[in-house]
Amino acid sequence: RKGRTFQINGEPHVVLDFLHVKPGKGAAFVRTKYKNIITGATREEAFNPDDKFEEAIIETKHLTHIYSAGTPFERSALVDVYDMDGLYYFMDPETYDQIPLGAEQVEDAIKFMRPNDEATVKFFQGNAFLVEAPNFVDLEVIETEPGVKGNTATNVTKAATVETGAVVQVPIF
């Protein structure tokens, strides 16, 4: 089924799409498109309908980003707010355990998170592999270029730097 998690060679995967095929000649098979949860690599493969796989149990926790090691909390357009070589510490609000995560685990989400913001962290066999920022965040724009009049027949955007150091596209007004 779509969304089902399973393990191949000890690595977790999720089913993206499948099709049960019954050819006129030969045995039936299941053509499956699946994605490695940790690496993000997708693959298509045909399986026998009788094949059995171990279920991959993915644990999801809501943790609070408390601080980054060796990183200033001051927000400045001239200072890179997050050091991508350091560790990022998250706290479980239920047990108060602090969990250090590396830059490769938080690289996409940390651009939109301030200290004390909540994040969704996914674990496989006790190891964190993905950090997701909240869908909606309120961040202050600290720098943007002036809008240029002219070609405004389509949606015109400009770059804006927010308080966490992330650069996003915003409308010119």
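**Note on two antiparallel sheets**

1. Phenylalanine 123 stands opposite alanine 128 in β10. Strands here are DSSP runs of E with at least two residues, helices are runs of H or I with at least four residues, and both are numbered from the N terminus. Strand β9 (residues 118-124) pairs with β10 in the antiparallel sense, over five bridges. Two strands count as paired if DSSP finds at least two bridges between them.

2. The model is predicted, so local features need pLDDT of at least 70 and side-chain atom pairs count only at pLDDT 80 or more, while totals for chains, interfaces and linings use all residues. Residues are numbered from 1 along each chain as its sequence is written, and side-chain values use heavy atoms, with hydrogens and water left out.

3. β9 and β10 belong to an open sheet of five strands, ordered β8-β7-β6-β9-β10, with antiparallel pairing. β8 (98-101) and β10 (127-132) are the edge strands; each has a single partner strand, so one side of each lacks a neighbour in the sheet. From one strand to the next, the twist averages 45°. Axes are lines fitted to C-alpha atoms, for helices over the stretch in contact, and angles run from 0 to 180 degrees between N-to-C directions.

4. Another open sheet has three strands in the order β11-β12-β13, and its pairing is antiparallel. Its edges are β11 (141-144) and β13 (167-171), each of which pairs on one side only. Neighbouring strands of this sheet are turned against each other by 45° on average, direction ignored.

5. β11 and strand β12 (residues 157-162) run antiparallel and are joined by three bridges. In this pair, valine 141 stands opposite valine 162 in β12.
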